[in-house]
Amino acid sequence: QIDLFLKYPFLVQNELLLSLLEKAKNTVFGKEHNFLSIKSYDDFRKSVPIKTYEEFFPYIQRLRKGEEGILWPGEIKWFAKSAGTTNAKSKFIPISKEALEDCHYKAGKDMLAIYCNNHHDTTVFDGKGLMLGGSQDSNPLKKYVDGDLSAILLDNFPFWVNVHRIPDLETALLSKWEKKLKKIVAQSINENITNLAGASSWMLIVLNNVLEETKAKNILEVWPNLELYMHGGMNFSPYKKQFQKIIPNPKMNYMECYTASEGYFAIQDQTHSDEMLLMLDYGIFYEFIAMEDFKHGNRKTIRLDQVKLNTTYALVITTNAGLWRYLIGDTICFTNLSPFRIKIIGRTKSFINAFGEELVVENAENALRHACRKTKTTIKEFTVAPLYINQKTSGAHQWLIEFEKEPKDLDMFTDEMDSFLQNINSDYQAKRTNDLILQMPKVESLKSGTFYRWLGKKGKLGGQNKVPRLSNNREIVEEILKMN
């Protein structure tokens, strides 16, 4: 099946779009946007405007009140609670039966198929997989379930997955993270664990608790047959050294996927490269907006056959759960056009531009990686916010970093980071010239566990919750500094 879309990418995507339109032509949204008359991509682009979550919210509200056939035929039984934000207000992404089976579960099978294809000698199925998931809320008064995407997937897995999975379902869906953590450790330490799956920051906490409980020096003493970690949803770079330290096996395999509450988009298909193959047959039709246009308010989209290499695009998706031309908020770039492989760059909103410096997440993470390498340092977590210009001083970026291994010279670490940013970001460099607008970054080393406590205070422990990397205001930074 993968070979088919590799050979005919444009045909597969075009047929998929027409199929989605046909299935949803009698929905409320389909009638409002005259799906019956849409015969081509150009018709589609003219008839259906690009929408953000906020613009979709009135339709989603109707779904949550029990109405059927609003965005997609039939009823919606699940809503994935978006965990990419620390605001009290959550997004509720509709999950249809088709999205569950033809997107998320199909992707899981494809991921394993690709892994086996690349590793013919694998023994990954001889043991069990440790899978981390979030929690969900089943209210008998409602016709639907709210929860982390991972929890919804776990709760609906086919039996053959559950046979090979740890922990048990009851534990996996617990909402109290500390209680869940103890149970996961207890259930897993005597099993033959061959593979791991889950968000990197939470998986590290589990692995460190396993070491603490067993008094082992490394994870291989507990699980000697561990060979694969499947991860996604956050940048792995800040965590990789920590994984390699506690899993000291040069043959350990790390496999990345690009997944979100809205869908499953790409899989790392090569062992020698961290690029990811864009999966074109999961019921998702892709469009792209060049970020140069997006920054100026231009929402002009292009199709897959028009994309260029090494250009940053905002991703627009149409899905088999009824999200039509949905601006997901992620940015990607293409690293290869035959087949189509991508890298995640960041978020359309996750950047700092308080002084015209256009600092994006990719810049920040690459600069940190460089500084860590130069100073033989490792980090756990970080977040960045601006220090605003006042009458006495120019502005700066304040970096709150929780180090796994502190640099011997914090000034040197900061200097390496700053120099790297100036080399890769001309806007940042211009603002740093003579300290006129931006001074040297201010790095604050936080006490161990600060970010963990902050997430706990926000009720964001476990699941797919993560620390926001870049903010244009100081709200998050001030809260964390108070806790530190």
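**Glutamate 402 and its sheet**

Reader: In which strand does glutamate 402 lie?
Author: The model discussed here is predicted. In it, the strand that holds glutamate 402 is strand 19.

Reader: What is the order of the strands in the open sheet of three strands?
Author: The pairing within this sheet is mixed. Its edge strands, each pairing on one side only, are strand 18 (378-387) and strand 20 (442-445). Neighbouring strands are turned by 20° against each other on average, direction ignored. The order is 18-19-20.

Reader: Which helix packs on the sheet?
Author: The helix in question touches both strand 18 and strand 19. Its direction makes about 130° with that of strand 18. It comprises residues 361-375 and is helix 15.

Reader: Which residue of strand 20 is the bridge partner of leucine 400?
Author: Strand 19, residues 396-405, pairs with strand 20 in the parallel sense over four bridges. For leucine 400, the partner in strand 20 is glutamate 444.

Reader: How far from glutamate 402 is the nearest side chain of opposite charge?
Author: Glutamate 402 is buried and has no salt bridge. The nearest side chain of opposite charge belongs to lysine 380. Lysine 380 is also among the residues that glutamate 402 touches. The distance between these two side chains is 4.0 Å.

Reader: Which residue has its backbone nitrogen 3.1 Å from a polar atom of the side chain of glutamate 402?
Author: Not counting residues up to four places away in sequence, glutamate 402 touches several residues, including Leu446, Ser448, Gly449 and Phe451. The backbone nitrogen at 3.1 Å is that of phenylalanine 451.

Conventions
Residues are numbered from 1 along each chain as its sequence is written. This is a predicted model: local features need pLDDT of at least 70, side-chain atom pairs count only at pLDDT 80 or more; totals for chains, interfaces and linings use all residues. Side-chain values use heavy atoms; hydrogens and water are left out. Two strands pair if DSSP finds at least two bridges between them. Helices (H or I, at least four residues) and strands (E, at least two) are DSSP runs, numbered from the N terminus. Axes are lines fitted to C-alpha atoms, for helices over the stretch in contact, and angles run from 0 to 180 degrees between N-to-C directions. Contact means heavy atoms within 4.5 Å. Buried means under 20% relative accessible area, exposed over 50%, partly exposed in between (1.4 Å probe, protein chains only). Lys and Arg count as positive and Asp and Glu as negative; His and the chain ends are not counted. A polar contact is a pair of N or O atoms within 3.5 Å; within protein, one must be able to donate a hydrogen and the other to accept it, and residues adjacent in sequence count only if both atoms are side-chain atoms.
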